Amino acid sequence: MSVLSGALAAGLAIPFAGLAGFTTQKTSDTLQDLPQQFDEVPLKQKSQIFAADGTLIATLAEQNRVPVKLKDVAPIMQKAIVAIEDDRFYEHGALDMKGTLRALLQNQSAGSVQQGGSSITQQYVKISLVEKAKTPEEVAAATADSYQRKVAELRYAIAVEKQFSKNEILEKYLNLANFGDGAWGIQAAAQHYFSVNASQLTLAQAAMLAGLVKNPTGYDPTNNAKRAKDRRDVVIRRMLELNVISVSQANSALKTPVIDPAKVRPNKLGCGNGPYPFYCEYVVSELENNPAFGKTKTDRANYLKTAGLTIRTSLDPKIQADAQRSIDTHSRSTDEAVAAITIVEPGTGLVKAMAQSRKYGSKRGQTAYNFNAPKTYAGGYGGFQNGSTMKAFTIAAAIQQGIPLNYKINSPSPIHLGGKTFSTCSGPYKIQGSYDPQNSTNNVADPTMIQAAQKSTNTYFLQLSQRTGLCPIAKIAGALGMYNAQSLEPLQQVPSMTLGVDLISPLQLAGAYAAFAARGMYCKPWVVTAVKDAAGKTVSTPGADCKQALAQEVADGVNAVLHQVMEPNGTGGKLKFGKSDLAGKTGTINDAKAVWYAGYSTRLAAAATVADASVPYSRLQGQTLNGKPINDPTGSGTAGPIWEAAMKAALQGYPTTHFVAPTDKTQRGDVKSLPFVNGMNPTDAANKLKQAGFDVATASGTVNSEETAGTVAYTDPRQRDGAPAGSVVTLYISNGSQKNQPKPPTQTTKPPGKPTTTINPNCPPWNPKYPNCGGRGHGG
């Protein structure tokens with residue numbers, strides 16, 4: 001044995017080669033080709049994802065492992081593994097010649113590898129080589145039943161014994177070994193099977209774990225408790241033979257049940273086993289797109305599962321619970337329709353919650369799709385048409401161009417747009433054929449922008465978008481994170497753009513509306529707030545990505561308009577709660593296949609949808625929601641209650657906040673003075689207006705007026721209000737019915753006890769709290 005040991009150490013191995021059937025030269029070459037130093041394999045460690053408050057969201061791992069120092073492993077565990085695997089570990093060198101020669105002789109007589117004689121050092125080398133293997137071929141070579149592999153392991157073992165002390169080798173082995181049922185390393189095994197740390201293991205527990213490493217699957221106590229006990233008892237008796245333990249200790253341990261099933265901790269790895277699987281998968285997708293974690297997506301995925309990262313996220317468990325409670329109150333997982341809501345923090349973009357009605361899984365009422373996310377990863381559903389929630393971006397474009405909040409447009413239903421031309425970023429778009437959109441609600445004939453938003457008047461916004469052009473709307477929406485959630489392409493610039501024709505996810509819409517709440521500051525929705533590696537060092541990740549996408553004055557104007565949607569005259573009036581200012585917008589697509597409500601305060605923004613998510617898509621009417629058929633699907637009545645309940649609960653504890661009032665210029669618009677044309681012949685009036693830089697339209701029919709019949713009675717907008725340059729001024733023609741009628745007397749003295757009131761010309765149309773504004777109220 002001494003000669004054999006020396007020969008192997010020198011790289012000759014002549015006796016060994018003969019036994020193995022190898023030529024001396026081949027074996028010598030094999031040994032000499034191997035490096036003189038063993039490169040230690042990095043331990044694959046589990047990564048963990050946490051919520052903002054430190055709650056564990058998920059554990060990502062290829063191998064569930066928590067490395068520990070040898071001093072943190074119970075001495076009885078160290079004795080047990082040495083006793084059963086290599087009882088002369090502290091006595092022999094790199095090789096246990098007695099055990100190796102015995103195994104070689106047995107295998108030579110059998111004609112194949114039947115018995116192992118590996119020392120703990122050799123076992124550590126073998127496991128390390130398997131861990132290093134990246135391809136199937138490398139794995140096969142590292143596990144082949146061949147003497148060539150054995151020779152390589154022996155040479156590496158010599159290198160390991162030169163590099164590390166016995167205790168260091170034992171520590172590395174215990175941290176690297178597979179202990180079955182998804183537990184890698186002694187600490188994870190102790191926690192998994194016994195709910196204790198490695199330092200707290202008893203004799204019976206240590207013996208069971210020591211017995212596992214020979215066959216982690218066959219001796220797994222969760223699969224076969226009897227076989228595991230038999231193997232454990234072999235270890236206990238071996239420890240007794242070696243005088244490691246006493247007879248009384250052995251007898252006591254032998255009587256102990258192999259495990260207590262109640263204390264076995266399931267290895268819940270991956271997002272699917274966590275409390276927030278959809279949010280978690282979105283987080284993982286964001287991390288896998290980060291080049292800091294590897295050159296390719298495969299490299300990044302492997303890094304996430306093996307690097308022992310600590311990942312902090314933006315998820316707020318309280319707000320998430322509020323959102324999920326609202327979803328569960330208003331829907332069921334077995335409904336035909338699906339419901340989803342995302343909540344985002346304005347000014348940071350932090351995604352506080354993602355909730356949906358379908359649970360995670362493959363059973364009935366379950367899904368692998370995240371209905372809140374765009375299709376930027378496999379689990380993202382890719383959105384739904386967002387309907388009239390798109391009108392907010394048309395409002396922003398109009399205000400940006402100086403169009404006043406009280407801007408009126410005659411908005412009949414239906415309106416005939418066939419042959420009309422809309423401007424786009426790539427040129428004019430002329431409607432071919434007929435296009436006769438209608439309004440889904442009743443409104444005044446000539447609504448202002450605020451009134452049109454309150455009633456979601458389609459024909460108003462179609463005409464407004466024609467006047468602003470589709471390119472400004474597209475640019476604003478794009479700057480606020482809006483794109484097709486399915487194709488990931490820019491929004492379509494088509495005449496119906498303002499009615500919401502693209503597929504949009506709740507995550508995108510909540511992020512965009514959060515920008516209005518933050519006075520035009522758009523922050524890309526953000527979920528990963530910090531990452532640290534296994535050593536506690538910060539890993540570079542994208543932080544908050546914010547930009548001033550809209551001028552503050554424009555955002556203030558949008559808030560003023562959408563605030564009125566949630567006042568009594570608006571479609572969202574019934575959803576108002578609390579003392580903070582709220583703003584929002586309904587959305588319903590053609591045939592009501594999806595309905596939306598998106599809204600915000602200055603603290604939180606949310607977008608909720610109820611939709612058909614089963615191809616081919618059909619209208620929601622008649623589909624079940626919360627176990628009952630939907631009779632009249634609307635944004636305010638169907639999706640609105642989900643938004644209201646979630647936001648009402650989420651905003652509890654936040655201080656009362658208000659929007660910044662729009663400036664007088666924003667309210668009145670960037671207007672030019674209108675020439676006075678009342679009483680003029682319509683042709684002359686039109687020419688005068690065109691010369692002043694306005695387009696002209698003439699209303700059908702006549703109106704009661706004191707002007708001469710056939711002349712201009714008045715204009716819309718009125719001469720006193722002015723109008724934005726290039727806007728349309730409508731002429732109303734007088735029928736002369738009030739001509740020469742006496743005018744009512746003008747009161748020149750004030751009645752006793754009633755002081756005169758001067759109307760403040762700076763009254764905003766949306767806020768009656770200003771002094772002397774009481775009579776102007778809603779809509780100007």
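Reader: Which ring does the charged end of Arg312 sit over?
Author: The charged end of Arg312 sits over the ring of Phe50, 5.2 Å from the ring centre. A charge is taken to sit over a ring if NZ of Lys or CZ of Arg is within 6 Å of the ring centre and within 35 degrees of the ring normal.

Reader: And what lies over the face of Phe89?
Author: Lys166 lies over the face of Phe89, at 4.5 Å from the ring centre.

Reader: What kind of model is this?
Author: This is a predicted model, in which local features need pLDDT of at least 70 and side-chain atom pairs count only at pLDDT 80 or more, while totals for chains, interfaces and linings use all residues. Residues are numbered from 1 along each chain as its sequence is written, and side-chain values use heavy atoms, with hydrogens and water left out.

Reader: Back to rings. How many aromatic pairs are there?
Author: The count comes to 20 aromatic pairs. Rings of Phe, Tyr and Trp (its six-membered ring) pair if their centres lie within 6.5 Å; planes under 30 degrees apart count as stacked, over 60 as edge-to-face and the rest as tilted. One of the pairs is Phe38 with Tyr156, which is edge-to-face, with 5.4 Å between the centres and 70° between the planes.

Reader: Where in the chain do those two sit?
Author: Phe38 is in the loop between α3 (24-33) and β1 (47-50), and Tyr156 is in helix α8 (residues 147-163). The pair links distant parts of the chain, 118 residues apart. Helices (H or I, at least four residues) and strands (E, at least two) are DSSP runs, numbered from the N terminus.

Reader: Are Phe38 and Tyr156 buried or exposed?
Author: Phe38 and Tyr156 are both buried. Buried means under 20% relative accessible area, exposed over 50%, and partly exposed in between (1.4 Å probe, protein chains only).

Reader: What about Phe393 and Phe516, what sort of pair do they form?
Author: Phe393 and Phe516 form a tilted pair, 5.8 Å centre to centre and with 45° between the planes. Here too distant parts of the chain are linked: Phe393 belongs to helix α17 and Phe516 to helix α21 (residues 506-517), 123 residues apart. Phe393 counts as buried because its relative accessible area is 0%, and Phe516 is likewise buried, at 0%. Ring pairs also join Phe393, Tyr513, Phe516, Tyr600 and Phe659 into a cluster.

Reader: Changing topic: why is helix α19 called largely enclosed?
Author: Nine of the eleven residues of helix α19 (residues 458-468) are buried, so the rest of the structure largely encloses this helix. Among the buried residues are Tyr460, Phe461 and Leu462.

Reader: What covers them?
Author: The cover includes α17 (391-400), β9 (421-424), α18 (449-455) and α20 (470-479). Just after α19, Gly469 takes a positive phi of about 90°.

Reader: How many salt bridges does the structure hold?
Author: The structure holds 17 salt bridges. A salt bridge is a side-chain nitrogen of Lys or Arg within 4 Å of a carboxyl oxygen of Asp or Glu.

Reader: What does Lys229 form a salt bridge with?
Author: Lys229 forms a salt bridge with Asp233, with 2.8 Å between the closest N and O atoms. Both residues lie in helix α12 (residues 225-241), four residues apart, about one turn of the helix. Lys229 counts as partly exposed because its relative accessibility is 29%, whereas Asp233 is buried, at 6%. Asp233 also meets Arg232 in a salt bridge (3.0 Å, N to O), and Arg232 is buried as well.

Reader: How do α12 and α13 pack, parallel or antiparallel?
Author: Helix α12 and helix α13 (residues 247-255) pack at an angle of about 175°, with their axes 10 Å apart. Axes are lines fitted to C-alpha atoms, for helices over the stretch in contact, and angles run from 0 to 180 degrees between N-to-C directions. The two helices are therefore roughly antiparallel to each other, the term for angles over 145 degrees.

Reader: Which residues meet there?
Author: Lys229, Arg232 and Asp233 are among the α12 residues that meet α13, where the partners include Val247 and Leu254. Contact means heavy atoms within 4.5 Å.

How values were computed
Parallel < 35°, antiparallel > 145°, perpendicular 65-115°, else oblique.
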